[in-house]
Amino acid sequence: MKALVWQGVNRVGVETVPDPTILQPTDAIVRITSTAICGSDLHLLDGYIPTMVHGDILGHEFMGEVVEVGREVRKIQVGDRVIVPFPIACGHCWFCQHDLTSLCDNSNANAKLAEKMFGHAPSGIYGYSHLTGGYAGGQAQFARTLYADENLFKIPDGLTDDQVLFLTDILPTGYMGALNCDIQPGDTVAVYGCGPVGLFSIMSAFLLGAGRVIAIDRFPYRLAKAEALGAEALNYEQEEVLEGLKLRTGGRGPDSVVDAVGMESHGLGLGGLADAVKQTTRIAESDRPHVLRSAIISVRKGGTVSVPGVYGGFGDKIPLGAFMNKALTMRTGQTHVHRFVPRLLEHIVKGEIDPTVIISHRLSLEDAPHGYHIFKHKEDHCVKCVLDPWAD
Amino acid sequence: MMTVSQFARALGWYSVALGTTELLAGRRLAQVLGMPNRTRRIRLFGTRELVHAALVFTQPAIGVSSRVIGDVMDLASLAAALKFEHPARTRVGVALGLVTATTVTDTLCALQLVGAGRPIGGVSPTAVRRNAPTLLQLAPGALIVVAGAALYAMRGSTAPLPQNVAQRRARAATSGIQVERAITITRPIAEVYAFWRDFENLARFMSHLESVRVKGDRRSHWVAKGPAGSRVEWDALLTEEEPERRLAWRSVEGSQIMNEGRVDFRTAPADRGTEVRVRLTYQPPVGALGAAFARLFGEEPSQQVDEDLRRLKRLLETGSEPTNGGQPSGRKSPVTRGLARLYDNRRTA
């Protein structure tokens, strides 16, 4: 089959690799009909997530048709049209039983490795480094999925791939980002980053009762997308964020903020340069936490900082003084996708959320390297690339 | 500019300073270098330094040459102390650096003093008055830098040893392996206890075991993987049995590898299942077999037991361990395959 393969820092390519097979009786093989490039794939491309190896198949946002199931799979059958959440849930551990599937105790085959870095191991994730299990990803024509009964969600007829594909990651991620803000009716929410997750956070914030959403980015075309969803735009290259947010909120600051950017945020001035240099060394600092710093400084006293953006290692100079003295709350985590799929599916069916508005590019799998390029460099007004693994 | 003879006198004063220090502060110096039982040797070396000084002031060429010989003795003593488990390795290393720099300086100076073709001890008069060559001119500066680095490295020398050094020392001191680890398994305590009580199950999750066969009510026969495909076998006796609370066992007298184990079970709070806390002690025999057996546990025996307990948890909670072995990848070279294997845990239950 054809698959997108990590070939080293800043290099991905489409290669012919062996087809996946059932390796354990709870597995299922999915013939992928749609897959997407995620913002967090860019951290892999840029080489900031450790334990990537040449030849790893990327991709953790994919859906398709079940073509083979292991002998212990009961609920899923060949022919089912399914989406595959990016975190892998075993379904049996305490975390899975409590809808915290991205913290699953049992699905990470390399838990030892992750424990060394994080103290405790998070769940396995498809196509996302050996730290999260080293599982082959879904930017390919086929994928092997684990614990099929617990992970594959059947999609009702009448919904297109575009409508449901983002249920695998970014839609629940944006939703959990907003949910973690603990929005009270009429609250003002600031969202850093108007990429796919930021845009879904904006949609979700309104859905959860926010009165106003202020969207922060530096690309006018992305800010325009946010405005189209009802948010107010703040371009941080033209306006200082803290002052801009104070002006818009009567000096109070937003009630909560969402960091939908993560470890490769862009800072301005000398501080930004210092972090960029330190991160390049991989040793002095692995994460560039500009957004996190700004979020802590600009959120109102007693407010909430929600972090769906991915961090991988260590960041410097987090303003802990502001965090403590302003009595802030921080909530974060990889998304517990399984918990949110049913309710988000309902929102989609009812037409309350239209996930397709963020799609800017449709490419064949062969063109995926180009997709990575324009997505990373924000060229051609790229917001989200959807890939068709079977197109020529 | 410094002449060669001035330079030689400076080296003489170096000997005076070092010799006095070694004589008067021998005990402290020995402690700093992590060799407290070498105080006498350090004092002897101090006396030797004073002899060097006396020679340098009277017979410069012989004196400086004798310093070179002394340097070599210092180098040998320090190098002998530079073992992996030496607690003050860094400090010894720095001292080695200082002595090495001194040796180079002494040698250069001695070569200048002893003119080519002249008998040892005969000082070339021109050499004495001649300005020292550039290399020698730079030597004092270099020596001061190295000495500064040495002092810096030895600062706070009474502070406790770094923890990793202390741990390494402790591990070297005890020949046995003792590990205590805990895990929570989301299954009822009765099930977890029953699984463990059937000792034959232990080989399903303890990676160093090949098999356990129950021979009677309290006796079982254990087979562990030994070095190079061999096996180590012993009989164990159940020594404690408190249903749903505790199990303990011990190898019978005269076993090749004396070992004992204890596991405590406790219901975890709320609906979290069962807490399992395990303590294993192995006393491998001295010698090659014991060393090889210890190696099976890897560098970090506790990590090995962590992995074993995780395997038990996965076995009981999901029936198996997840694997990524056998899935497709774009790897073509053995190097990248090896790297991926390094990261991936290929063991399956």
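Guide: One definition before we start: axes are lines fitted to C-alpha atoms, and angles run from 0 to 180 degrees between N-to-C directions. Also keep in mind that this is a predicted model.

Visitor: Okay. At what angle do helix α4 and helix α5 of chain B cross?
Guide: Roughly 160°, and their axes come within 9 Å. In chain B, α4 is residues 60-81 and α5 is residues 89-113.

Visitor: So what does that make α4(B) relative to α5(B), roughly parallel or roughly antiparallel?
Guide: Roughly antiparallel, because angles over 145 degrees count that way.

Visitor: And is the crossing left-handed or right-handed?
Guide: α4(B) passes α5(B) in a left-handed crossing.

Visitor: Which residues of α4(B) and α5(B) meet there?
Guide: From α4(B) they include V64(B), V68(B), L75(B) and L78(B). Among those in α5(B) are V92(B), L96(B), V99(B) and L113(B). Sorted by class, the α4(B) and α5(B) contact has 15 nonpolar, five polar and four charged residues.

Visitor: How does α1(B) sit against α4(B), then?
Guide: Helix α1 of chain B covers residues 4-24, and its axis comes within 10 Å of the α4(B) axis, with a crossing of roughly 50°. The two helices α1(B) and α4(B) are therefore oblique to each other. Here, too, there is a left-handed crossing as α1(B) passes α4(B).

Visitor: Which residues make that contact between α1(B) and α4(B)?
Guide: On α1(B) you have S5(B), A8(B), L11(B), G12(B) and S15(B), and on α4(B) you have P60(B), G63(B), V64(B) and R67(B). Four of the residues in this contact are nonpolar, four are polar and one is charged. V64(B) also turned up in the contact with α5(B).

Visitor: Zooming out, how many helices and strands does chain B have?
Guide: Chain B has 12 helices and seven strands. It has 349 residues, and buried ones make up 29% of them. If you take contacts in chain B with a separation of 6 or more, 59% of them join residues 24 or more positions apart.

Visitor: What domains is chain A divided into?
Guide: Domain 1 is 2-166 + 356-388, and domain 2 is 171-332. Their C-alpha centres lie 26 Å apart. Where they touch, 12 residues of domain 1 are in contact with 14 residues of domain 2. The domain 1 side of that has five nonpolar, four polar and three charged residues.

Visitor: Let's pick a single residue. Where is A231(A)?
Guide: A231(A) is in the loop between α8 (220-228) and β12 (232-235) of chain A.

Visitor: Is A231(A) buried or exposed?
Guide: Buried, because A231(A) has 27 C-beta neighbours inside 10 Å.

Visitor: What does A231(A) touch?
Guide: Leaving out residues up to four places away in sequence, A231(A) touches I202(A), V213(A), I214(A), A215(A) and A226(A). As for G211(A), it is 20 residues from A231(A) in sequence and 10.0 Å away in space, C-alpha to C-alpha.

Notes. Residues are numbered from 1 along each chain as its sequence is written. Chains are lettered from A and ligands numbered from 1 in the order in which they are written. This is a predicted model: local features need pLDDT of at least 70, side-chain atom pairs count only at pLDDT 80 or more; totals for chains, interfaces and linings use all residues. Helices (H or I, at least four residues) and strands (E, at least two) are DSSP runs, numbered from the N terminus. Angles under 35 degrees count as roughly parallel, over 145 as roughly antiparallel, 65 to 115 as roughly perpendicular and the rest as oblique. A crossing is left-handed if the near helix is turned anticlockwise from the far one by less than a right angle, and right-handed if clockwise. Two residues are in contact if their C-beta atoms, placed from the backbone, lie within 7 Å. Ala, Val, Leu, Ile, Met, Phe, Trp, Tyr, Cys and Pro count as nonpolar, Asp, Glu, Lys and Arg as charged, and the others, Gly among them, as polar. Domain bounds come from an automatic or database domain assignment. A residue is buried if 20 or more other C-beta atoms lie within 10 Å of its own, exposed if 12 or fewer, and partly exposed in between; C-beta atoms are placed from the backbone.
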